[in-house]
Amino acid sequence: LMFCESQKSKQIELAKAAGRNELQTMERLIAEGVSADAKDKHGTPALVLAAEGGHLNTLKLLHKHGANLEATSRAGVTTLIIAAFCGKADCAEALLEWGADKDAVNDSGWTALHWAADCGQLEIARLLVRARADRAKKATSGAYEGTTALDMAREAGEAEAFAGGRRRASRLGGGGGRQGVRRGGDAPRAGARGVGPAAPVPPRL
């Protein structure tokens with residue numbers, strides 16, 4: 001029992017270290033046998049926490065040690081979805097290169113492309129379109145049920161990004177998305193502050 005508790009504690013420590021970009025701590029824990037798929041006390045994978053913070057080197061370290069690219073938080077948030085929501089283009093690009101599922105959905109039925117469109121993350125939207133993400137996939141719940149990412153982009157006047165346009169992404173994207181999610185869209189909410197019920201606010205980084 002004590003061994004199991006010790007391992008659980010180390011898994012939580014590794015997940016926290018991933019969110020803080022503490023590479024040396026992570027390397028020590030992995031050398032001690034802690035899985036790269038470790039989760040924090042809220043059930044959020046280390047890989048998701050790393051992407052939320054935009055820690056590309058941490059992502060690379062976890063990937064090197066076999067972290068599951070499709071692991072999700074309790075709300076179904078994948079690493080690619082949180083990278084899209086938070087505007088972490090370098091992380092999103094790496095995940096796509098490694099073969100992350102570009103059409104995976106969270107519990108609200110939104111893909112990474114839905115989040116990129118809703119949050120004005122045009123650079124990430126272009127990355128996803130170039131990777132042949134499904135622009136016709138429809139959200140399955142919430143205020144945008146039945147809506148495609150392209151529909152969202154059209155509403156925001158940004159459909160050009162979905163056609164591979166070259167407009168600068170700086171007007172709406174490039175950092176942390178818009179301040180809020182339109183019409184009650186369900187924010188992914190990954191991180192130590194809790195992955196739980198959907199809420200119409202961005203994740204608190």
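I looked up what covers the buried residues of α6, and the covering elements include α3, α4, α5 and α8. Here I take helices (H or I, at least four residues) and strands (E, at least two) as DSSP runs, numbered from the N terminus. Contact means heavy atoms within 4.5 Å. Buried means under 20% relative accessible area, exposed over 50%, and partly exposed in between, with a 1.4 Å probe and protein chains only.

I note that this is a predicted model, in which local features need pLDDT of at least 70 and side-chain atom pairs count only at pLDDT 80 or more, while totals for chains, interfaces and linings use all residues. Residues are numbered from 1 along each chain as its sequence is written, and side-chain values use heavy atoms, with hydrogens and water left out.

**Entry on α6.** I listed the buried residues of α6 and found Ala89, Cys91, Ala92, Ala94, Leu95 and Leu96. Just after α6, I found Gly99 with a positive phi of about 95°.

**Entry on α6 and α8.** How do the axes of α6 and α8 cross? They come within 9 Å and cross at roughly 10°; axes are lines fitted to C-alpha atoms, for helices over the stretch in contact, and angles run from 0 to 180 degrees between N-to-C directions. The crossing makes α6 roughly parallel to α8. Angles under 35 degrees count as roughly parallel, over 145 as roughly antiparallel, 65 to 115 as roughly perpendicular and the rest as oblique. On the α6 side I recorded Ala89, Ala92, Glu93 and Leu96, which meet Glu123, Ile124, Leu127 and Leu128 of α8. The residues of this contact of α6 with α8 comprise six nonpolar, no polar and two charged. In this count Ala, Val, Leu, Ile, Met, Phe, Trp, Tyr, Cys and Pro are nonpolar, Asp, Glu, Lys and Arg are charged, and the others, Gly among them, are polar.

**Entry on α5.** I then turned to α5 (residues 79–86), where eight of its eight residues are buried. Among them are Leu80, Ile81, Ile82 and Phe85. The cover over the buried residues of α5 includes α3 (46–52), α4 (56–64), α6 (89–97), α7 (112–118) and α8 (122–130). Just after α5, Gly87 takes a positive phi of about 75°.

**Entry on α2 and α4.** I found that the axes of α2 and α4 come within 11 Å and cross at roughly 10°. This makes α2 roughly parallel to α4. Leu23, Met26 and Glu27 of α2 make the contact with Asn57, Thr58, Leu61 and Leu62 of α4.

Most residues other than glycine have a negative phi. Asn21 lies in the loop between α1 (2–20) and α2, and at 33% relative accessibility counts as partly exposed. Arg132 is found in the loop between α8 and α9 (149–155), and at 71% counts as exposed.

**Entry on confidence.** I read that the chain averages a pLDDT of 80, with 74% of the residues scoring at least 70; pLDDT is the predictor's confidence in each residue, from 0 to 100. Over residues 165–185 the pLDDT is below 50.
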